[in-house]
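Please open the structure in your viewer and keep the selection panel at hand.

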Amino acid sequence: MNEIITVLVNSLLAAGLYATMSYGLAVIYGVMRIINLAHAGILMLGAYATLTLNSRLGMDPFLSLVVVIPVFFGFGVLLYLTMIRRLPRSSGGPSIESLLLLFGVWLVLQNLAYAIWTGDTQSILTRYTMKSVVLLGVRVGIPTVAVFSVSALSLVVLQLVLRRTYLGRAIRAVTQNRDAAMIAGVNADRISAAAFGIGTAFAASAGSMLATMYAFTPDFGRSFLLKSFCIIVLAGMESVAGVAAGAFVLALLENFVGGYTTLPTSFQDALSFTLLVLALVAFPQGLVGAFSRATQRWRRLGRA
Amino acid sequence: MKTRGVFAAAALVLLLAAPRFLERGTLNDIWNVAFAVILASAWNLLGGFAGQVSIGYSAFIGIGAYTTVLLSLAGWHPYATLPVSAFLSAAFSVIVGLPTFRLRGPYFTIATIGVSEAVRVVAAGVAFTGGSSGLRMPAGSFDFQRDYSAMVVLAVLVVALAAWIQASPFGQALRAIRQDIDAAEALGVHSTKYKVLVHALSAALVALAGSLFAINFQYISPNSVFDFRLSLSIVLMPIVGGLGTVAGPVLGALLFGYLQIKLLSSPALRDSYLFLYGGMLIAVMLFEPRGLLGLYRRVRGRITRSFSRPVPDAG
């Protein structure tokens with residue numbers, strides 16, 4: 001019983017961060033039908049930005065988000081205006097050109113990090129890095145709890161923005177149907193720029209928070225990219241709640257395998273890749289899509 | 001078609017005669033370029049002709065190289081291992097392809113990143129790959145003259161095969177899949193069957209190159225055959241050269257072969273290869289998605305147009 005609670009608590013805490021980093025990918029995909037392969041590079045750059053703010057200015061990693069979020073929002077908008085916008089828009093699914101372009105951006109970002117910070121492994125140490133608290137009888141590190149709290153807060157703010165503001169409604173409208181949104185007077189180009197900025201800012205803030213928990217190098221982020229991708233595939237691209245649920249499913253699976261089997265850690269990463277491939281093959285429309293289809297079928301059966 | 005055959009035969013004769021009048025260093029460079037040509041042209045069969053971009057091709061190089069080294073250590077003649085490595089690689093490609101080819105375009109690409117990560121992690125973790133210390137070929141299995149000839153013959157054969165496929169009904173089916181998979185299906189092209197077939201073919205060719213790589217280098221490790229730079233350049237060569245053409249990957253391989261040699265000799269360049277590769281990818285995608293070949297055609301078109309009387313554009 002205790003073990004189950006341990007797995008549940010750890011999964012919930014990990015899921016907060018996973019949801020934040022996945023939402024960055026989801027909003028860009030939703031609005032532009034582009035898979036942002038540079039996501040991993042942005043995560044990594046966010047971690048290094050926090051490292052620099054921490055070591056040069058002595059800024060607390062969580063306080064550094066105040067700088068990181070606006071800076072990377074601007075960076076995302078810039079990426080959109082200089083590159084993404086120039087690509088021919090594909091009508092149906094995401095185009096391979098956008099994928100390869102952003103792959104190129106990722107490589108350049110990686111090289112930038114090697115040039116500025118070298119390839120040495122870095123980590124951020126604070127007063128509370130090694131401290132822990134007891135939650136529901138489970139001992140968890142303070143950084144983990146802090147990361148969860150900040151992630152949860154940012155997801156709540158995001159949800160409010162998406163529901164209550166014009167920008168949020170426009171983002172959802174373009175996600176659902178770009179042409180219809182444009183007919184209704186939404187400036188899809190401007191919304192795309194904003195969405196790319198928001199996605200980049202979310203990815204960078206997730207990177208900043210990851211830096212308080214893990215050591216990192218310029219190569220950092222690849223496994224998190226695949227995790228994020230796995231989550232949005234599980235979750236579908238539509239809702240924040242869906243992304244959170246997908247994040248929880250992945251975290252649960254990882255913690256379950258970590259807690260109950262003796263699989264080496266390096267193989268655990270392979271788990272999310274396997275889940276990703278299985279999820280892509282089994283539910284091309286995501287778990288949420290599969291779920292809503294199932295409920296619809298159920299309702300139809302009830303009526304008949 | 002006929003002139004092309006003559007051209008290929010001439011290239012083959014010239015390359016095979018090269019050891020008589022060229023130095024060892026130059027031959028090594030030619031060997032490297034031939035290796036690159038095989039990888040680029042074989043990848044292009046799936047990525048270019050059929051439009052399915054896979055980032056997981058280092059797995060096939062690894063399968064080829066390890067099959068050859070392990071069987072040679074068991075007493076086989078190195079060249080007798082080639083059919084086995086081609087077969088194993090093709091079999092692995094089918095196992096990977098059957099589930100992943102249900103995905104389209106970029107989704108397929110992402111799945112291949114997952115597969116290649118899994119392969120890399122497993123290869124570093126299992127015992128028979130020799131771990132990080134790697135494996136060495138048995139002594140006395142090295143003969144540069146022979147290995148050089150094998151590599152250039154394979155390179156010319158792969159390019160000829162690509163040209164033949166492009167002109168064949170098989171190639172037309174692949175092109176249809178790239179242009180519009182739904183339309184291709186509606187016209188009776190069994191897209192999954194064709195994708196699995198061409199994937200297996202290109203995987204087998206890449207594995208052969210991996211085997212020849214192992215025979216010439218005499219030493220392999222998960223880091224050398226699953227190298228990120230290698231799997232990166234496999235994708236970049238055809239894209240930079242000209243995706244979905246026969247000459248494009250060859251052009252890209254020549255450029256990358258040259259870059260590789262420059263990279264190895266200059267530490268400053270070696271540290272910025274990601275910058276170089278990433279920048280090229282960005283530039284190609286933004287300015288000329290058809291690569292160097294597309295650029296050449298555009299420039300040539302402009303020049304001939306400026307020299308000739310204006311005629312109605314025939315498209």
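Is A:R33 buried, exposed or partly exposed? A:R33 counts as partly exposed, because 19 other C-beta atoms lie within 10 Å. In these terms a residue is buried if 20 or more other C-beta atoms lie within 10 Å of its own, exposed if 12 or fewer, and partly exposed in between, with C-beta atoms placed from the backbone.

Before the next selection, a note on the model and its numbering is in order. The model is predicted: local features need pLDDT of at least 70, side-chain atom pairs count only at pLDDT 80 or more, and totals for chains, interfaces and linings use all residues. Residues are numbered from 1 along each chain as its sequence is written, while chains are lettered from A and ligands numbered from 1 in the order in which they are written.

**First stop: the loop at A:R33**

Keep A:R33 selected; its place is the loop between α1 and α2 of chain A. A:R33 is not a glycine, yet it has a positive phi of about 55 degrees. Helices (H or I, at least four residues) and strands (E, at least two) are DSSP runs, numbered from the N terminus.

**Second stop: chain A as a whole**

Select chain A, which has 12 helices and 2 strands. Along the sequence their pattern is α-α-α-α-β-β-α-α-α-α-α-α-α-α. Chain A has 304 residues, of which 49% count as buried. Two residues are in contact if their C-beta atoms, placed from the backbone, lie within 7 Å. Among contacts in chain A between residues at least 6 apart in sequence, those that join residues at least 24 apart make up 77%.

Move to helix α2 (residues 39-57) of chain A, where A:L53 is found. A:L53 counts as buried because it has 21 C-beta neighbours inside 10 Å. Apart from neighbours within four places in sequence, the contacts of A:L53 are A:M59, A:S64 and A:V67. Select A:L63 as well: it lies 10 residues from A:L53 along the chain, and their C-alpha atoms are separated by 9.6 Å.

Select strands β1 (residues 132-135) and β2 (residues 138-141) of chain A, which run antiparallel and are joined by 4 bridges. Two strands pair if DSSP finds at least two bridges between them. One bridge to look for is that of A:S132, whose partner in β2(A) is A:G141. The hairpin has 2 residues between the strands, and A:L136 takes a positive phi near 50 degrees there.

Helix α8 (residues 188-211) of chain A has 24 residues and reaches 34 Å from its first C-alpha to its last, close to the 34 Å expected at 1.5 Å a residue. The expected span is 1.5 Å times one less than the number of residues in the helix. Of the 24 residues of α8(A), 21 are buried, so this helix is largely enclosed by the rest of the structure.

Next, select helix α9 (residues 222-235) of chain A, which has 14 residues and reaches 20 Å between its first and last C-alpha atoms, close to the 20 Å expected at 1.5 Å a residue. α9(A) is mostly covered, with 12 of its 14 residues buried; among them are A:F224, A:F229 and A:A235.

Now select chain B, with 15 helices and 2 strands. Buried residues account for 46% of its 315 residues. Its C-alpha atoms fill a box of roughly 65 × 50 × 40 Å, taken along the principal axes.

Within chain B, find B:Q218 in the loop between α9 (191-217) and β2 (219-220). B:Q218 has a phi near 70 degrees, a positive value in a residue other than glycine. With 15 C-beta neighbours inside 10 Å, B:Q218 is partly exposed.

**Last stop: where the chains meet**

Show both chains: 32 residues of chain B are in contact with 31 residues of chain A. On the side of chain B that touches chain A, the elements that give two or more residues are α4 (82-100), α5 (105-125) and α14 (273-287) of chain B. Of these, α5(B) gives the most, with 13 residues.
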